[in-house]
Amino acid sequence: MRPNSGLVTYGDDGDLWYLTLQYPHSPEVFTFLRQACVRSLSSEVSPGREGPILFGDENHGYVYSNTFYLKDNEARGLQRWYSIVILVMDKMSLMQSWPLLTRFSRLLVNLLQKQAENVYHLDQADKPQRAARLGASSAINSANFRLQRRGKALRSLMELTGSSQVLSTVHEHFTNLLQLGGNQMSETMLEGSPSCHHFDSDGKDCRHMADNQ
């Protein structure tokens with residue numbers, strides 16, 4: 001995608017449209033989002049590194065991050081790490097949307113990983129010696145990350161998945177997510193003791209009510 005280009009989908013009523021850009025127009029949003037992306041691939045990861053996690057604060061926004069890897073025959077460790085990052089300012093709405101975000105993320109991740117796996121096997125058949133050499137290398141860490149970035153340019157998502165339409169696919173998935181999220185959003189007055197919501201990796205809501213005694 002060129003820096004000044006984008007993808008757009010218009011809603012059914014014509015009053016709402018969904019736009020995908022390489023960078024947000026707002027400098028403030030760009031800063032918050034950039035920080036969220038860096039943290040999602042470094043310090044803010046789930047115990048097994050893969051999977052969803054929530055982090056953030058009221059000043060810089062709250063982030064839903066789902067980290068995953070794609071197979072890459074050209075990368076150290078034969079894989080590249082990515083994360084799906086969703087940044088909002090309302091923590092409660094993000095927590096309430098956790099099951100929806102987890103289902104959405106899993107569908108998109110599974111699709112991208114399947115496509116990348118197919119390309120990886122084709123690459124291995126074509127360059128088996130390179131795969132064996134890189135497979136013996138250590139995974140990317142803070143010490144060798146910059147060294148790799150100074151070398152050969154990293155392959156794009158289109159190259160990793162072998163799909164020239166992968167950006168359109170990602171745009172379509174996020175558009176569907178926003179449409180579903182908008183349809184499910186509502187305001188409800190609650191009475192009684194507050195409840196604390198905990199969600200597992202499958203997006204299941206495990207509620208623990210406060211003890212009134």
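This is a predicted model: local features need pLDDT of at least 70, side-chain atom pairs count only at pLDDT 80 or more; totals for chains, interfaces and linings use all residues.
Residues are numbered from 1 along each chain as its sequence is written, and side-chain values use heavy atoms, with hydrogens and water left out.

**Exercise 1.** Find out how the rings of Tyr 64 and Trp 98 are arranged, and whether each residue is buried or exposed.

*Solution.* 
Step 1: Rings of Phe, Tyr and Trp (its six-membered ring) pair if their centres lie within 6.5 Å; planes under 30 degrees apart are stacked, over 60 edge-to-face, and the rest tilted.
Step 2: The ring centres of Tyr 64 and Trp 98 are 5.1 Å apart with planes at 80°, so this pair is edge-to-face.
Step 3: Tyr 64 belongs to strand β4 and Trp 98 to helix α3, 34 residues apart. Helices (H or I, at least four residues) and strands (E, at least two) are DSSP runs, numbered from the N terminus.
Step 4: Buried means under 20% relative accessible area, exposed over 50%, partly exposed in between (1.4 Å probe, protein chains only). Tyr 64, at 0%, is therefore buried, and so is Trp 98, at 8%.

**Exercise 2.** Work out which residue lies over the face of Trp 81.

*Solution.* 
Step 1: A charge sits over a ring if NZ of Lys or CZ of Arg is within 6 Å of the ring centre and within 35 degrees of the ring normal.
Step 2: Arg 49 is the residue over the face of Trp 81, 4.1 Å from the ring centre.
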